[in-house]
Amino acid sequence: MSELYRMRLSRHLKKMMKYMQYVFNDHFVIVCVFLLGGLGFYYSELLKNLPEEFVWGRPLVLLIWLAILFIGKLATLTQEADKVFILPKEAEMPGYFKRALSYSAILPAVSIFLISGMTMPLVVVTTRETFVSFIYYLFMLLLLKFTHLKWQEFDLYQIPGNKSQQWQLIWLLGSAAAIAASLYVVPLAGLIVAIILCGMLGYFLPKLKAGISLDWEKMIKKENNRMYQIYRFINLFTDVPEITGSVKRRKAFDPLLNKIKKENKNTYLYLYARSFLRGSEYSGLFLRLLGLGGVILYFSNDFIMSLGAAIVFLYLMGFQMIPIYSQFDYMVMTQLYPAPATQRKQAVSFLLMVLLFTAAAIFSILTLIALPNKPEALLVVAALVVEVIVFTKLYVPQRLKKMEG
């Protein structure tokens, strides 16, 4: 069974690598570098201005560390047919789960290392510990995540009653106690609590699931949900066959569509605009980015942070809308339209300009409200206007040309 998991993992990784080349493209990497640089600068300045007795430092770190323990789920890679064809091999599933546990621990381990490392300066400032203590914190968090993955494996069995939820609560309370002990007592105390918790779950969980069958329906459903979340993230950057958007009537937007004159030159503009307003794929993505960027701008009173967030989110919204250009490539009827091929590019560029100017207007209002220095706020507004013009007039035509080639 471990060989079966190895084969499935190889196929899964090959598929994910195919998608990752679209996710981590040059533009996204550059945006991430600038965004992380801005956040790093803002974070360092924030630490310098913290009062000597910053009482909220430890509770904040406790919540962050507890939250990162929920990153990553057990990747069983099970399929719908397994409940029929793999069922006779259920006795050999422990070897399968061992491989699954090893693979599933990679992403959480990397996330824990990076996020706990980024919070260490705050820990040092608020607890007066040294950076050497990071090794205790790291091992503690990794051990707690390992126990969480073991509980996820335990939850896949047909456990009677609510025992699985009870052990989840025990793990959660034990993890909170371990993190609190490391922050409020000494780092070694948290590691000891984590070892005790790991030993307790390692002793009792195998005994509780002994002689109990796997819940194949539940296991397959959990894996499908896990993959759906991954595909939803990838779908932010490229089309994913496994994700299908829903279509709704949305009569409320008919007045907007009626503003587009029913002329031959507006054929594709009407088609793309109606597709954006009725479909959930692009409109949902646009609204999520608009909402997230708006919240950040509303609560930011720093010029650099506001400028960076506004530019990045406006770029992401425009970049994610570009694939709408090829949405109708496989529809035969569009090939029969008596419209020149250049009209498609013009329609997409115009639609993006309207959407981005709308987003820029909302971002500008929020920036003018949030930033106390109004000249700086006006600089952000000007930067957004310039970005929309450059993006739609220079970048979009080049990007569409590259998509055709």
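# Close-up views of a predicted model

**View 1. R128 lies in the loop between α6 and α7.** Welcome to this structure, which is a predicted model: local features need pLDDT of at least 70, side-chain atom pairs count only at pLDDT 80 or more, and totals for chains, interfaces and linings use all residues. Residues are numbered from 1 along each chain as its sequence is written, and side-chain values use heavy atoms, with hydrogens and water left out. The phi of R128 is near 65°, a positive value in a residue other than glycine. Most residues other than glycine have a negative phi. R128 counts as exposed, at 58% relative accessibility. In these legends, buried means under 20% relative accessible area, exposed means over 50%, and partly exposed is in between (1.4 Å probe, protein chains only).

**View 2. L77 also has a positive phi, although it is not a glycine.** Here the angle is about 55°. L77 is found in the loop between α3 and α4. With a relative accessibility of 8%, L77 counts as buried, whereas R128 from the previous view counts as exposed.

**View 3. The rings of F70 and W171 form one of the aromatic pairs.** A search of the whole structure finds 16 such pairs. Their centres are 5.5 Å apart and their planes stand at 85°, so F70 and W171 are edge-to-face. F70 is partly exposed, with a relative accessible area of 43%, while W171 is buried at 0%. For the terms used here, rings of Phe, Tyr and Trp (its six-membered ring) pair if their centres lie within 6.5 Å; planes under 30 degrees apart count as stacked, over 60 as edge-to-face and the rest as tilted.

**View 4. The rings of Y315 and F319 are stacked.** Their centres lie 5.7 Å apart and their planes meet at 20°, so this pair is called stacked. Both residues are in helix α14 (residues 303–321), four residues apart, about one turn of the helix. Y315 is buried, with a relative accessible area of 13%, and F319 is buried as well, with 7%. Elsewhere in the model, ring pairs link Y5, Y96, F97 and Y157 into a cluster.

**View 5. The charged end of R344 sits over the ring of Y325.** It is 4.2 Å from the ring centre. A charge sits over a ring if NZ of Lys or CZ of Arg is within 6 Å of the ring centre and within 35 degrees of the ring normal.

**View 6. E217 forms a salt bridge with K83.** The closest N and O atoms of this pair are 3.0 Å apart. E217 lies in helix α10 (residues 216–234) and K83 in helix α4, so the pair ties together parts that are 134 residues apart in sequence. K83 is partly exposed, with a relative accessible area of 25%. A network of salt bridges links E80, K83 and E217. The structure holds 10 salt bridges, a salt bridge being a side-chain nitrogen of Lys or Arg within 4 Å of a carboxyl oxygen of Asp or Glu.

**View 7. E153 forms a salt bridge with K209.** The closest N and O atoms are 3.0 Å apart. E153 lies in helix α7 (residues 134–154) and K209 in helix α9 (residues 187–209), so this pair ties together parts 56 residues apart in sequence. E153 and K209 are both buried.

**View 8. T119 is found in helix α6 (residues 106–127).** T119 is buried, with a relative accessible area of 7%. A polar atom of the T119 side chain lies 2.9 Å from the backbone oxygen of S116. Leaving aside its neighbours within four places in sequence, T119 is in contact (heavy atoms within 4.5 Å) with Y43, I64 and W65.

**View 9. K262 is found in the loop between α11 (254–258) and α12 (267–278).** K262 is exposed, with a relative accessible area of 60%. Beyond its neighbours within four places in sequence, K262 is in contact with L257 and Y270. The C-alpha atoms of K262 and G161, 101 residues apart along the chain, are separated by 63 Å.

Key. Helix = DSSP H or I, 4+ residues; strand = E, 2+ residues; numbered from the N terminus. Polar contact = N/O pair within 3.5 Å; in protein donor to acceptor, adjacent residues only side chain to side chain.
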